[in-house]
Amino acid sequence: MWKRVQVVSPRIWSRDLQKTWSAWGYRLCSSAHPPASFNTPSTQPRTQAEKAKRRREKEKTILSSDVNDVGPDWSEKEKIRYTAALLPGEKKDTSLPFPQSYSPEYVEFGWYQWWEKQGFFSPEQHGKLPHATDKYFSFCIPPPNVTGTLHLGHALTVAIEDALARWRRMQGYKVLWVPGCDHAGIATQSVVERKLLREHGKRRQDYSRDEFLGEVWRWKNEKGDEIDHQLRKLGASLDWTRACFTMDPGFSSAVTEAFVRLCDSGLIYRSEGLVNWSCALESAISDIEVDSKELSGKTLLSVPGYQQKVEFGTIVTFAYLLEGQEGEVAVSTTRPETMLGDVAIAVHPNDPRYQDLHGKYCRHPFTDRLLPIIADTMVDMKLGTGAVKVTPAHDHTDFLLSQRHALPRLTLIGGDGTMTSLCGQWLEGVKRFDARERVISALMERKLFRDKQSHPMSLPICSRSGDVIEPLLKRQWFVRCQVMAQKAVQAVEDGELQIIPQFYTKMWRNWLSNISDWCISRQLWWGHQIPAYLVTLQNSVDTEEELWVWGRTAAEARERAAVNFGVNPDHITLTQDPDVLDTWFSSGLFPFAMLGWPQQKEDLKQFYPNSILETGSDLIFFWVARMVMLGKELTGQLPFKQVFFHSLVRDKYGRKMSKSLGNVIDPLDVISGVSLERLQKKIKEGNLDPRESVVAMEAQEKDFPKGIPECGTDALRFALCSYKAQGDDISLSVSHVLSCRHFCNKMWQAVRFTLAALQDASSPASLAETHPVSSMDRWICSRLYCTVRQCEEAFESYELHTITSALHSFWVHSLCDVYLESIKPVLKQEASDSEEQKERERQVAISVLYHSVSLSLCLLSPFMPFLTEELWQRLLPYSADSIKNPTSLCVQPYPKTSQLEHWYFPEEEADFSLAQEVVRVARLLRAQCQMTKEKPDLWAVCAPDQAQTLLHFRSAICTLGRISKLRLHCPDGGFTDSPPPKGSAVGVVDHSIRLHLCVQTGINADKQKALLCQRREKLANKLKQAISRTLMPNYTEKVPDRVRQEMDNKIAAMEEDLKNIEDQLLALEDMKKQD
């Protein structure tokens, strides 16, 4: 329960930052012999020059004047509002007149408040469901920072997670989806500090700690529920009664408990090690809060605390003179100010230039310190001069060298970014980058300066303050990760933890197998103050050794100290560590702390382990791995059974959405619409680099010249889920969201049609009693059965894009374009001669229509909760099933294939594909003959089996193809309709059926042939261009799978069209010969 300070290896550094620091500090260490703690990735990362080139290319694309895509083509739609009186939480009146067209504002009004008031999102609702099962489904929303607002990346997370939650709830699972918010230590403190400085001219240090924390809480409460409002607008079915904030008393107790237990087990220790230090914040920061800024060479940058811009992207070479003999050793560095902390010079033992100097010394020109020349295989003799300056307290590689060669570690830059007393009076108190210029000038004066050149580099930047990160040697608290990480790896290998998609498994194993210890100390005031106490014993003479103790309370810590040191508790003085814990430490406890851990509450017993964790792939290490390690260690169980990683949302130019790039889109702007002026105002109000601001505004003008149209929540959610989340990054297009709004209107009109049909008929039969009779009824029923099966299978594998594609295809291409059109004559009682048969056919069609629409609304409900609720409630009065009110679609049973087995007719589906091709070609012939109102006869010359199929669907073909009569000419099969008349327009189906469209005035075969040849030429050129794109170098590697699949489909369709044109030309030739 107490520790003496120890020194740790540089394994505390993340590997990405090791690369950044190596590039910044210009280390000349051999890549052939990396230190054991460093990881060599299996694939080489892009060089700094390549990254800079890619960034410039994207900027050039944005700024280029020849960009063809000028944003979505749209016009302002009439807004329809729900004007009836409605109290908050009251159910909407769906008996009001049905609006003519879909309006998101009308549809979304009022439903969420009703759902919430009725408790539909609470697991306590589960017992009221007649279809309830004894299974549970629990998970948490990745807690967003309290400082921020949600962007489209968050919206993707919400859309996916809510779809899963609603699906499981409709399946009868007891669902718990917990909302949470992260206190975001550094981000929140930075925001409040800027606010206080701007409004009151005061810095944090002008307040006591308690006073400052009072200001933070006040700001947090004033900011209020902005994120909660966004989540509600997105339709997230969260259980708000269990909302969790990481600084809540209960959660804070869990954090303290976790720290104490990990200290007791030896997994948390205090030591001296290198950390990412932000001088502006005067705090260590986590790896995720460090951005790497790629510089192609000499660059002037603004740095907090400096009036003038600071030069980076250069490398300085200077000489150290040999002690006791003539000669010098030249070294190169991008940080010459750190030479005041040099304690040695390292060379490769086999480098012939320096073999006579092993064990010799150089004299430091400013401190008079002797610098030993050491030999180490880490040095790459081919880089630079082959000699490396060693500054252990400010470079992680040098820190490792100091361990191997017992070198001292001299801290020459303080926590505030000024030079320490070790540098001498001439530099003490001078800012580090001002000291850089003084050091270079002093080297020139002593004639030790050798060279300065432009140099590509990667500069580590604090994402919170914009400051240049300084690696500093600090006494901090660390978590030992190796053993816990190995358990996390083993859990995946043993199948206890499933990672989806599976290709992340290798990344998981590689990273955790080379994990570093984790620095969890942060020099902040906002956060969980570390429950560790520095012990001072009465009359103690040892003042150098630090003694620490920890406890859940100060009283417990005092008792522990008394036992450990064998003294009277009254003779102990405790001073609590002023630092706070890394925000990721508390976030790592979320899956069980949100359920009341360490108390064994009912929620913890029921819902832990969580069923799944769904999050972005960029959090695999910073959050997910730490949750798995801490959950397994503290609870003895994995925190969840599955991890589902979705792709990142990028803009149309492939850039990750980031506030620093100004390309972040607020989902509420897509839902409600926003003007270009408002979008640009947001850019101006941000704190963007001037160049990034220009690029961002130019991109907005091109992408949204008229702003963003009102698309609605349902369209946005459906669009987000329609992308393949388990693969390539998502380049979200507002045009795609707009097309999904058009889909919403298509659904709206389909239900209008259905309601009109229901008003003039008796109530539809129940689903079990509805048995389709006609060919088209059987076809649509079978199509729905197959769609339900697709949804069942794809939901289980989390392939949401497959579900959205299947549902879109069913609604648009099966229900609306085909079935609704085909039954219009039936509903008008024009289908047969017998009145009794007419009515029976009509009633069956209405029942099939009702259940097809109602069930497909259920299928869509997890993705489009507002629209489906509105439409389903309109249909509810016609239901033959006994449903108790108040009820909602969101708690209805999700459709299953088992309830639709009497609707499965695979042969009907297979046969109708031929009929659809006949309709397609018939419509094409009508267009070629410029027929608009006429309904000509159509002859089909075909084989007997084909004739039977066409006869079966003859009525639908006539209706859909706008044909007066379909005549089948097949003498061998007993179909003796007269042969087709001369002068008909000719088309070919399936390379074997010839269609002849009767044209009253006759058709000019030569003219039709000329039109076909013209079409063939255009199509052949398009096909050639498409194929040439697939033959580009590295096409397979560069182009995402989804795009390649789309291109393959286009090519196949064009090849099929060309074949059909060739068949038509051959048919025309045969007709001319017969004439």
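Does M627 count as buried or exposed, and what is its relative accessibility? In this predicted model, M627 has a relative accessibility of 0% and therefore counts as buried, the cut-off for burial being under 20% relative accessible area. The residue belongs to helix 18, which covers residues 620-635. When neighbours within four places in sequence are left aside, the contacts of M627 are with S587, G588, P591, L613, P639 and F640.

With a relative accessible area of 31%, Q899 is partly exposed. Apart from neighbours within four places in sequence, Q899 is in contact with L767 and Y894, while a polar atom of the Q899 side chain lies 2.9 Å from the backbone nitrogen of K896. Between Q899 and A768, which are 131 residues apart in sequence, the C-alpha to C-alpha distance is 7.7 Å.

Helix 28 itself comprises 23 residues, 906-928, and from its first C-alpha to its last it reaches 34 Å, a span close to the 33 Å expected at 1.5 Å a residue. The buried residues of this helix include E908, E909 and R926, together with F912, L914, A915, V918, V919, V921, A922 and L925. Just after helix 28, the backbone at Q930 adopts a positive phi of about 55°.

How values were computed: Residues numbered from 1 in each chain as written. Predicted model: local features only at pLDDT ≥ 70, side-chain atom pairs only at ≥ 80, totals over all residues. Heavy atoms only, no water. Helix = DSSP H or I, 4+ residues; strand = E, 2+ residues; numbered from the N terminus. Buried < 20%, exposed > 50% of the residue type's maximum accessible area, 1.4 Å probe, protein only. Contact = heavy atoms within 4.5 Å. Expected span 1.5 Å × (residues − 1). Polar contact = N/O pair within 3.5 Å; in protein donor to acceptor, adjacent residues only side chain to side chain.
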